[in-house]
Amino acid sequence: MTKPNISENTKTDNIQKLLSGAKRKIVFFLVSTNVVKISISVFFVVFINYFADVFVVSTYFFRLSIWLIAAGFSIYLLLKTITKINRLKNADEQIAVLLQKKNPALKDDLINAVQLKGDSGTETSSELAEKFIKQTSEKISPDLSKTVISFNSVKSVFIIFFVLCVNVALFYDSFQFN
């Protein structure tokens with residue numbers, strides 16, 4: 001058996017580059033959306049406390065309760081994000097399916113190549129598997145990972161964040177507590 005040369009290794013690494021690029025984009029998406037959600041909850045708590053002061057319904061217990069709820073929500077989002085990021089380490093097949101849904105030209109080739117790459121059983125011919133992986137790797141480009149996350153999936157969260165930032169900028173003088 002001959003050792004594959006470096007150009008063959010880089011061709012089959014296109015699949016791994018694609019999957020790792022998609023994982024990086026998903027991690028960035030998860031972290032950024034949850035940071036924005038936490039910021040929204042903090043802004044929301046500040047607004048609730050401000051309006052509670054304006055309408056004289058604010059007590060120490062009320063403020064503490066609101067801040068504890070926001071802290072609990074933030075911890076929940078943090079743990080959820082960490083859990084999802086840890087699951088991504090072994091989610092090559094799920095990411096391949098996601099990429100195939102976004103890029104119909106790949107058909108089932110990517111998921112099959114990922115499964116063959118991870119399969120070391122004796123049921124498959126290693127030469128045929130390597131040839132199929134190589135052919136699939138030549139078909140794809142690492143730029144396909146850009147299609148994993150679309151702006152439409154996070155548009156509403158960022159719009160809410162932008163509106164809250166504008167409100168804070170407009171009412172900044174009102175938030176000066178004495």
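In this predicted model, helix α4, covering residues 109–118, packs against helix α5, covering residues 126–139, at an angle of about 135°, and the two axes lie 9 Å apart. The crossing of the two helices, α4 and α5, is left-handed.

The residues that form this contact can be picked out on each helix. On the α4 side they are D109, L110, N112, A113, L116 and K117. On the α5 side they are A129, F132, I133, T136 and K139. Sorted by class, the contact of α4 with α5 holds six nonpolar residues, two polar residues and three charged residues.

The pair belongs to a protein chain with six helices and zero strands.

Among contacts with a separation of 6 or more, 74% join residues 24 or more positions apart.

What share of the 178 residues in the protein chain is buried? Buried residues make up 29% of them. As for the surface, the accessible area of the protein chain comes to about 12,100 Å². Carbon and sulfur atoms account for 64% of that accessible surface.

Terms used: Residues are numbered from 1 along each chain as its sequence is written. This is a predicted model: local features need pLDDT of at least 70, side-chain atom pairs count only at pLDDT 80 or more; totals for chains, interfaces and linings use all residues. Side-chain values use heavy atoms; hydrogens and water are left out. Axes are lines fitted to C-alpha atoms, for helices over the stretch in contact, and angles run from 0 to 180 degrees between N-to-C directions. Helices (H or I, at least four residues) and strands (E, at least two) are DSSP runs, numbered from the N terminus. A crossing is left-handed if the near helix is turned anticlockwise from the far one by less than a right angle, and right-handed if clockwise. Contact means heavy atoms within 4.5 Å. Ala, Val, Leu, Ile, Met, Phe, Trp, Tyr, Cys and Pro count as nonpolar, Asp, Glu, Lys and Arg as charged, and the others, Gly among them, as polar. Buried means under 20% relative accessible area, exposed over 50%, partly exposed in between (1.4 Å probe, protein chains only). Accessible areas come from the Shrake-Rupley method with a 1.4 Å probe; for residues, only the protein chains shown count as cover.
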